[in-house]
Amino acid sequence: MGDKRTTVEEIVGELRPGMTVGIGGWGSRRKPMAVVRAICRSGLDDLTVVAYGGPDVGLLCATGQAKKVVCSFVTLDSVALDPHWRAARQQGRVEVMEIDEGMFFLGLQAAAWRVPFLPTRAGLGSDVLAVNPDLRTVRSPYAEGPFAEAADAGAELVAMPALRLDVAIVHANRADQAGNAQFLGPDPYFDDLFLGAAARRFVTAEAVVARGTLSDHGPLSSVSVHRLLTDGVAEVPRGAHFTACPPDYGRDEAFQQEYAAAAADGDAWAAFRRRYIDVDEAGYQRAVAERQGAAR
């Protein structure tokens with residue numbers, strides 16, 4: 001087993017304009033924000049961002065680097081809609097493929113299984129097909145014969161296309177040097193599917209530990225990403241901030257409120273960006289610590 005340790009800068013260095021980038025996590029929970037901030041500082045543009053969206057999508061819309069977003073929502077959880085996402089949608093600054101959460105899951109699964117689509121009832125009877133005219137429906141090829149009853153006699157189904165990714169990036173609580181990743185919080189979300197759907201796969205983690213020691217941090221059932229699903233792992237303490245990464249830390253609600261409020265005013269956003277985005281990760285963490293100290 002090789003040593004897959006890398007850095008945030010090396011991960012972003014593999015990205016190219018025009019790529020389709022999958023970002024793990026869910027809403028404002030366990031997002032690989034250190035990588036997102038590094039992308040914001042880069043010259044990358046024309047990106048297609050695929051995510052159960054949160055501030056990752058909001059930031060890349062605010063910087064104009066997201067050309068297209070594939071999502072089922074973009075929320076901050078305690079704030080219903082990311083305000084940068086709302087502005088980008090209302091102003092027509094971003095292309096969008098917005099689909100049902102289950103369809104999104106099946107798109108990742110299809111890509112991970114290397115099949116062109118998976119059938120589903122999700123989306124039928126809704127405007128999902130109307131707002132996504134490129135989606136197609138199919139009927140079971142088993143409408144007749146011995147499998148007809150099991151196949152529901154040729155029912156119409158949505159053919160959810162595979163969401164193939166050039167790169168996927170997720171954030172874990174722990175990873176080992178070989179690329180296995182561990183999620184200690186209550187929900188692993190779909191990070192393994194993001195990695196399985198991608199050509200290049202990266203994990204950032206609160207800590208990267210020696211091979212064979214992940215069981216010291218939690219049960220083996222919490223190691224849901226196998227080393228064959230990863231090309232690199234980077235140790236980034238508090239790398240998901242300001243989103244939640246339990247049990248290591250919760251969401252920084254005060255910081256999130258500052259982020260959301262800054263979206264309403266151009267000068268406030270410019271100041272927020274100078275302080276928290278246009279600095280390296282160490283500078284970001286110092287600024288957050290200073291902010292928290294001033295608030296006490």
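Two strands pair if DSSP finds at least two bridges between them; helices (H or I, at least four residues) and strands (E, at least two) are DSSP runs, numbered from the N terminus. The model is predicted, so local features need pLDDT of at least 70 and side-chain atom pairs count only at pLDDT 80 or more, while totals for chains, interfaces and linings use all residues. Residues are numbered from 1 along each chain as its sequence is written, and side-chain values use heavy atoms, leaving out hydrogens and water.

**The sheet.** Three strands form an open sheet in the order β5-β7-β6, with antiparallel pairing. Because β5 and β6 stand at the edges with a single partner strand each, one side of each is left without a neighbour in the sheet. Between β6 and β7 there are four bridges, and Val138 stands opposite Leu157 in β7.

| Strand | Residues |
|---|---|
| β5 | 117-120 |
| β6 | 136-139 |
| β7 | 156-161 |

**The helix pair.** The axes of α2 (residues 33-41) and α3 (residues 55-62) come within 10 Å and cross at roughly 5°; axes are lines fitted to C-alpha atoms, for helices over the stretch in contact, and angles run from 0 to 180 degrees between N-to-C directions. The two helices α2 and α3 are therefore roughly parallel (angles under 35 degrees). In contact (heavy atoms within 4.5 Å), Met33, Val36, Ile39 and Cys40 of α2 meet Pro55, Asp56, Leu59 and Leu60 of α3.

Thr204 lies in strand β10 (residues 198-209). Its relative accessibility is 1%, so Thr204 counts as buried (under 20% relative accessible area, 1.4 Å probe, protein chains only). Among the residues that Thr204 touches are Ile11, Pro32 and Val236.

Conventions: Buried means under 20% relative accessible area, exposed over 50%, partly exposed in between (1.4 Å probe, protein chains only). Angles under 35 degrees count as roughly parallel, over 145 as roughly antiparallel, 65 to 115 as roughly perpendicular and the rest as oblique. Lists of a residue's contacts leave out its neighbours within four places in sequence.
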